[in-house]
Amino acid sequence: MRAILSIALSLVLGLVFGLGLILSGMTDTTKVIGFLDVAGKWQPALALVMGAGVATAMPFFIIARRRGRALLTAELAQPPKAFDKGLIIGSAIFGIGWGVAGLCPGPVLVWLGRDPLQIAPFVLAFFVGAFFAQKLIAVRASKPLDQAHEPNIQKA
Amino acid sequence: MDTRIIIFALLGGSLIGLSSGLLYLFNGRIAGISGMMSQLIFPRPQAQAAAFVVGVIAAGIAAAWLGMDIPKTLGLGVVALVLAGLLVGFGTRLSNGCTSGHGICGISRLSPRSFAAVATFMATGGLTVYVLRHVIGA
């Protein structure tokens, strides 16, 4: 029963999330690029989006962490705490892609609903890119034993 | 800035934050869209992530129905879309997050990893637009 409830809740929250993306202007690529275009006619609105987002979300995260468990399901997701090279390199690459099209994954999903044919090239390419990253992660994870105790130094 | 833009930015951002916060409090999940999209394929489709993804897509469908004032075109060619898709897909998988996962959830959790991620993608995002717009003139 709880499993069904949590899935239904995910659906509803996804809807709200999508609505938020639309209202905030995040699905408008010109607005996003305008936000990143600090040297040009700067459109700072997206800073407000992230600010409002964090301000609204944070109390819930604090409450959840105090409880130590989620209200419907048992575990709270605990993403890794350690830094790894993939974090910085991956973020840098994501940022470049974001700058090229002004699209990040959330708005892409909204566009899938709004005009799937138009966004299709991005979505397909996204999964290809993700696939290669996953391969890279797998290859780096299975390094030979004599390198297993080395600090996380990237070999080019 | 136009007052309407400010209000909608704050309102939209609040809804994004609200849904992300509630997802964590009730389901214990991070509303990281890149992760959810990847999870549809590997390791295997997960019900909660799939449901959230469907919800976001549904919002896109609903917006068109409701006749909301939204852009009709991405304003981008196929080459740009494919290039961007490859970079975003690769980069978000490698860094395990994006603007929602690291930007909203990570910062709300005061995660040092996410602060670093956000600073990085904001920097390269800005740099990329600068080069494309003001150096290359694309």
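I started with L5(A), which counts as partly exposed because its relative accessibility is 42% (buried is under 20% relative accessible area, exposed over 50%, partly exposed in between, with a 1.4 Å probe and protein chains only). The model is predicted: local features need pLDDT of at least 70, side-chain atom pairs count only at pLDDT 80 or more, and totals for chains, interfaces and linings use all residues. Residues are numbered from 1 along each chain as its sequence is written, chains are lettered from A in the order in which they are written, and side-chain values use heavy atoms, without hydrogens and water.

I placed L5(A) in helix α1 of chain A, residues 2-24 (helices are DSSP runs of H or I, at least four residues, numbered from the N terminus). I also looked up L72(A), 67 residues from L5(A) along the chain; their C-alpha atoms are 7.8 Å apart.

Next I turned to the two chains. Chain A puts 101 residues into the contact and chain B 100 (heavy atoms within 4.5 Å). Together they bury about 9,300 Å², 78% of it on carbon and sulfur atoms (accessible area, 1.4 Å probe, that two parts lose on being put together, summed over both). I noted that L74(B), L94(B) and R113(B) supply 8% of the area chain B buries against chain A, more than any other three residues.

I found two salt bridges across the interface (a side-chain nitrogen of Lys or Arg within 4 Å of a carboxyl oxygen of Asp or Glu). One of them joins D37(A) and R133(B), with the closest N and O atoms 2.8 Å apart.

Definitions and conventions:
Helices (H or I, at least four residues) and strands (E, at least two) are DSSP runs, numbered from the N terminus.
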